[in-house]
Amino acid sequence: MVARTIPLDANWAWKQRDSANVPNVLDELTTPEAASATTREDITKQWTVAQHIPSEVHVELLQHKIIPNPFIGFGEHAVQSLATPNKLLQFDGLDTIVDTYLNGSKIMSTNNGFMRFFYHVPLDTLRPTSNVIFFHFKSAKALAKAEEAKYGASRAGSVNLGDPSRLYIRKPQYDWRWDWGPELMTSGPYRAVSLIVYDARIKDFYPKAFLSPKDLRSSLKLDLTVEGNGAVSVDVLLKTLEGEILKNQTVSINVDQGKSILEWKDINVQPWWPTGHGKQNLYLVEVVLKDLNNVILDSKTKRIGFRSIKLIQDPIQEPDQYGTGTSFTFEVNGRPIFIGGSNWVPGDNFLTTISDERYRSWLTLLKNGNQNMVRIWGGGIYEPDIFYNICDELGILVWLDFQFACGVYPAHDEFVENVRAEATDNVLRVRHHPAMALFCGNNEDYQMILQWGDHDSLPARKLYEDVFPSIVSELTEPEIPYWRGSPYGGKGWDTADPTIGDVHQWHVWGGKELPYQKYDEMGGRFVSEFGMPAFPSMETIKFGCRVPRQISVGFVSDNVEHFLMLCRYHFLQRMMQADAIGYAYRTSGVIVWQLNDCWPVTSWAIADYFLRPKPVYFAIKRELEPITVGLHRTVHKNRANDRPKEFYEFTTFQSTLATVDIWATNSTATSRQVTLAVDFFDLYSEWKVSQPPSTTFSIPPNQSMELSAKLPSFTGHEDATTSFSVVVSSVLRDATTQEIISSAVDFPQPYRYLEWPDPELCVVKPLMGLFLIPEDGKEEGVEWSENCLNLVPGLEKVISVKGLNGRGIRGAWMGCEKGVKVVEGNILNA
C-alpha cells in the first residue's frame with residue numbers, strides 16, 4: 001500500500017481539568033454526566049469544541065470570550081491564573097508538559113515543546129472506529145518551580161526576563177515574560193498531529209548540495225533512511241521548480257540502509273545566492289520508494305539550493321581602532337558578504353495565529369529593506385518549516401540560535417539528554433535549506449557569568465561546547481558553521497571584546513547610556529545586537545497599547561526638544577530611533593535588535609506588531625542600498641585643553657571649524673563609475689556653497705572608499721561657531737547616465753538647539769525626517785519605496801507608493817511634528 005499521512009485536524013474538544021472532583025484524569029471522560037455514554041459525542045457533551053486546530057488554551061478561551069484580550073490595556077494581568085492550574089485539552093500539540101493517551105492507555109509523557117515525537121502504534125491498539133487521543137496538559141510553571149526546588153535557583157537575567165525557574169523547562173522562554181513581551185504561559189498544540197499508515201516509508205532523506213567556491217561546480221549526495229518492509233528500490237529525481245527533470249537514477253536499497261545511496265558530480269545547475277548578490281536558484285529533489293513489483297510505496301520531495309557558506313575568522317595583521325584579533329565574515333560561494341540584518345523574536349505570543357502569509361509579509365519586509373540575514377533569537381522557538389522555505393525563496397540567510405537565552409542553564413544528565421534529542425531533531429529538520437548560514441549555541445548565556453558575577457561556572461558549557469557542535473558536525477554536510485554563543489569570542493569569555501567574535505552593543509540604550517553619536521567607537525568584528533526603542537504607529541497605540549515600558553527618555557531629550565503633546569513626542573522619539581540606528585549602520589552594524597514584535601507594544605522593533613514600519617526601517621533600508629554615500633561631521637576645537645571629542649558645536653568652548661568625512665560603499669560584485677557632488681546650506685540665511693562635481697572615479701566591488709571635504713567657513717552669525725547651522729548634502733551619481741545612485745544629508749547637532757525653518761512644500765530649505773502616511777493614519781497595505789527623508793533644495797526624490805486607494809498623504813518632519821496634509825486624495829491613486 002502507498003504510505004498515507006492523515007492529518008488529525010478535526011473533532012477535537014477541550015475542558016479545564018477538575019482535579020478536585022475527578023482525581024484520575026481519565027475519569028474526565030466518564031464523569032457522572034457521561035456515565036451512560038456510548039459514543040464520542042456522548043462523552044464530550046460536557047466539553048467545548050475546539051475552534052481551531054492547531055490551537056492552544058488562550059486562543060480557545062478568547063474565541064469563547066471567556067478571557068479578555070491580553071494584548072489590550074492590562075489584559076495580560078487578567079489571564080495569569082492560566083499559568084497555575086493544570087489544563088485538559090483534547091486536541092493537537094505538545095506545548096509543553098503533557099501525558100498522551102490512546103484509547104485510555106498512556107502512550108507518552110513528554111516535556112519538550114521544541115521537538116517532534118513519534119509513537120509506533122501496536123497493531124491491536126486501534127479500533128475500527130471511534131479511536132480517542134487524549135492529551136492532559138499540565139502546568140509548565142508548576143513543574144519549573146518543582147525542578148528549581150530540586151536542583152537549586154539559578155541566574156536568568158534581570159527581573160524583566162521572567163522567573164528564573166524557566167531555565168529548567170524546555171518551553172519557549174519568552175512565555176515567562178521578556179522586556180518587550182508579556183507573561184503568557186501558553187499551553188496546547190502549536191503544530192499538527194497526523195496518523196501515518198504505511199508498509200514501508202521514507203523516514204528521512206538528506207540531499208547534500210555541494211558547490212565549489214573556486215569554480216562554482218556543483219555535486220549532490222543523498223542519504224536515505226527507510227522504515228518498514230517491502231521496499232527494494234528508490235527513484236531519485238533532480239528537477240527544476242517547473243518540473244523539468246535534470247537528472248534521475250534508480251538505486252537498489254537495503255531497507256535498513258541509512259546513509260548515502262548515490263553521488264552525482266558536475267551537475268548542470270546554477271548557484272543559490274543571498275539577496276543582493278545573485279538569483280535564488282532552487283531545485284527539487286524527489287525520492288520515490290518502490291517494491292519488488294515497481295509499485296510506489298512512498299514519495300517525498302525537498303527543495304534545495306547549491307551554495308557554499310563559511311564563517312571566516314582569519315587573523316588581522318594591521319590593527320584598527322580596536323586592535324588586531326580575527327575577522328568574523330560570512331563567505332557565500334567564495335564571496336565575502338557584508339551582512340545587514342535583523343533579530344527575529346516569535347511573531348506572536350499565540351503561535352497558532354501566525355499564518356503562512358504573515359510569515360511571508362514579515363520576511364518580505366526584511367528583504368525589501370535591503371537586509372540579507374535574519375537571526376532567530378534563542379528565547380523563542382525554532383520556527384516552522386514555512387519560515388525557512390520563505391528565506392530560501394527570498395535569499396535571506398538564517399542565523400539560528402539553539403533555544404537558550406539569558407541564563408545559567410543546568411546540565412544534569414536528564415536535562416542534557418532531553419536537549420540532545422531536541423537539537424538533533426531540529427538540525428535534521430532544517431539542515432537542507434540553502435538559507436541556513438549558522439547554528440549558534442545560545443543568546444547571552446556566557447555573558448550572564450561576566451555581567452552578574454553571582455555564578456562562577458556555566459554548567460551548560462557541556463551543551464554549547466560539546467553536544468551542539470558535535471550534532472551540527474555529524475548531521476550537516478557540507479558542514480554548516482557553528483558558533484558557541486552570542487556574544488562570544490574574547491579571552492576568558494570576554495563577550496565585549498570587539499576584536500574577536502561577535503558583540504552585543506547595549507551601551508547606548510542601557511549600560512553606560514552613552515550618546516548614540518559614539519556608535520562609531522563601539523563597533524567590533526560583528527555586532528549581532530544593538531538597538532533603540534520607539535513607539536509603534538499611532539494606530540497601534542489606539543488599538544490598546546499599554547503604557548510604554550522600558551522607554552529611555554534620555555536619548556530623546558538629549559537630542560531634541562520634547563513636548564508633553566503625545567503626537568509630537570511620538571514623532572520625535574521615532575525620529576531619534578531612526579537617526580541613531582541609521583548612524584550605527586554607517587559605522588559598523590550589522591544585525592539590529594529587532595525586526596518585529598510578538599504583541600502591540602513600544603519596543604526596539606523596526607516595524608510594529610501589525611507590520612507597520614517605523615521611520616527607522618527606512619533609515620536602515622537607505623543605509624543598506626547596494627551602493628551608498630555616507631557623511632560624518634567632526635568638530636574641531638580651538639584650545640588644546642578643550643573637552644574630548646564632541647559631536648556638536650554648541651558648547652562653552654568655541655570650535656574653529658568642522659570637517660566632513662565622506663565615503664562610498666559598493667556591496668555588489670562589480671565596480672561602478674560615479675561622480676560626487678557636495679552642497680552646503682545655511683538654515684537661517686540664503687548662504688549656500690556648492691562644490692563642483694568630482695571627476696569620475698570608480699568604487700571597487702565589495703568595498704568602501706574614503707573621501708573627505710572641508711566644511712566651508714561661515715561667519716554669517718558672529719556670535720556663534722563656524723558651522724552650527726550648516727547642513728551638508730552629498731550626492732553620488734552614475735558617471736554615464738547622471739542618475740542619482742545615493743544621497744546623504746548631515747544636519748548640525750544636537751537638534752534641540754535648531755530653530756527649524758519652514759521648508760515649504762517645494763523644499764526651499766533643508767528638511768529633516770519627512771515621514772509620510774495616509775491622511776487617515778491607516779497604514780495597513782501601504783508600501784512606500786522610500787520614507788523618513790532628509791531633503792535639500794535641488795535634490796530630486798521620486799517616491800512610489802502602493803495601497804493608498806485614493807487617500808491623500810499626510811507628512812510630518814522636524815519642526816512640524818504634528819504633521820499636515822501634503823498631497824490631496826486621488827492625486828496618487830495607487
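Two rings of Phe, Tyr or Trp (the six-membered ring for Trp) make an aromatic pair if their centres lie within 6.5 Å; planes under 30 degrees apart count as stacked, over 60 as edge-to-face and the rest as tilted. With that in hand, let's walk through the structure above.

This is a predicted model, in which local features need pLDDT of at least 70 and side-chain atom pairs count only at pLDDT 80 or more, while totals for chains, interfaces and linings use all residues. Residues are numbered from 1 along each chain as its sequence is written, and side-chain values use heavy atoms, with hydrogens and water left out.

**Aromatic pairs**

The whole structure holds 45 aromatic pairs. One of them joins Tyr-151 and Tyr-168, which counts as stacked because the ring centres are 5.9 Å apart and the planes meet at 20°. Tyr-151 belongs to helix H4 (residues 140-151) and Tyr-168 to the loop between H4 and strand S8 (194-197), so the contact ties together parts 17 residues apart in sequence. Helices (H or I, at least four residues) and strands (E, at least two) are DSSP runs, numbered from the N terminus.

Another stacked pair is Phe-402 with Phe-468, at 4.1 Å centre to centre and 15° between the planes. This pair links distant parts of the chain, 66 residues apart: Phe-402 is in the loop between strand S21 (397-401) and helix H7 (413-430), and Phe-468 is in helix H9 (residues 461-475).

| Residue | Relative accessible area | Class |
|---|---|---|
| Tyr-151 | 33% | partly exposed |
| Tyr-168 | 9% | buried |
| Phe-402 | 2% | buried |
| Phe-468 | 0% | buried |
| Glu-444 | 10% | buried |
| Asn-805 | 63% | exposed |

**Charges over rings**

A charge sits over a ring if NZ of Lys or CZ of Arg is within 6 Å of the ring centre and within 35 degrees of the ring normal. Arg-170 places its charged end over the ring of Phe-404, 4.1 Å from the centre. Arg-431 does likewise with Tyr-206, at 3.7 Å from the ring centre.

On a 1 Å grid over the protein atoms alone, a cavity is a set of points where a 1.4 Å probe fits but cannot get out, and lining residues have an atom within 4 Å of a point. Grid points are joined across faces, edges and corners, and a volume is the space filled by probe spheres set on the points. There are six cavities of 30 Å³ or more. The second largest cavity has a volume of about 120 Å³. Its lining has 14 residues, and the closest to the centre are Ala-209, Arg-307, Arg-431, His-432 and Pro-478. Strand S9 (residues 200-211) gives the most to this lining, with four residues.

**Backbone features**

Pro-478 also stands out in the backbone: the peptide bond from Glu-477 to Pro-478 is cis, with omega near -5°. Pro-478 is placed in the loop between H9 and strand S23 (482-483). The bond from Ser-486 to Pro-487 is cis too, with omega near 0°.

Which residues other than glycine have a positive phi? Among them is Glu-444, at about 65°, in the loop between strand S22 (436-440) and helix H8 (445-452). Asn-805 has phi near 55° and is found in the loop between strand S38 (801-802) and strand S39 (809-813).

Methods: On a 1 Å grid over the protein atoms alone, a cavity is a set of points where a 1.4 Å probe fits but cannot get out, and a pocket is an open set with protein on both sides within 12 Å along at least five of seven lines; lining residues have an atom within 4 Å of a point. Buried means under 20% relative accessible area, exposed over 50%, partly exposed in between (1.4 Å probe, protein chains only).
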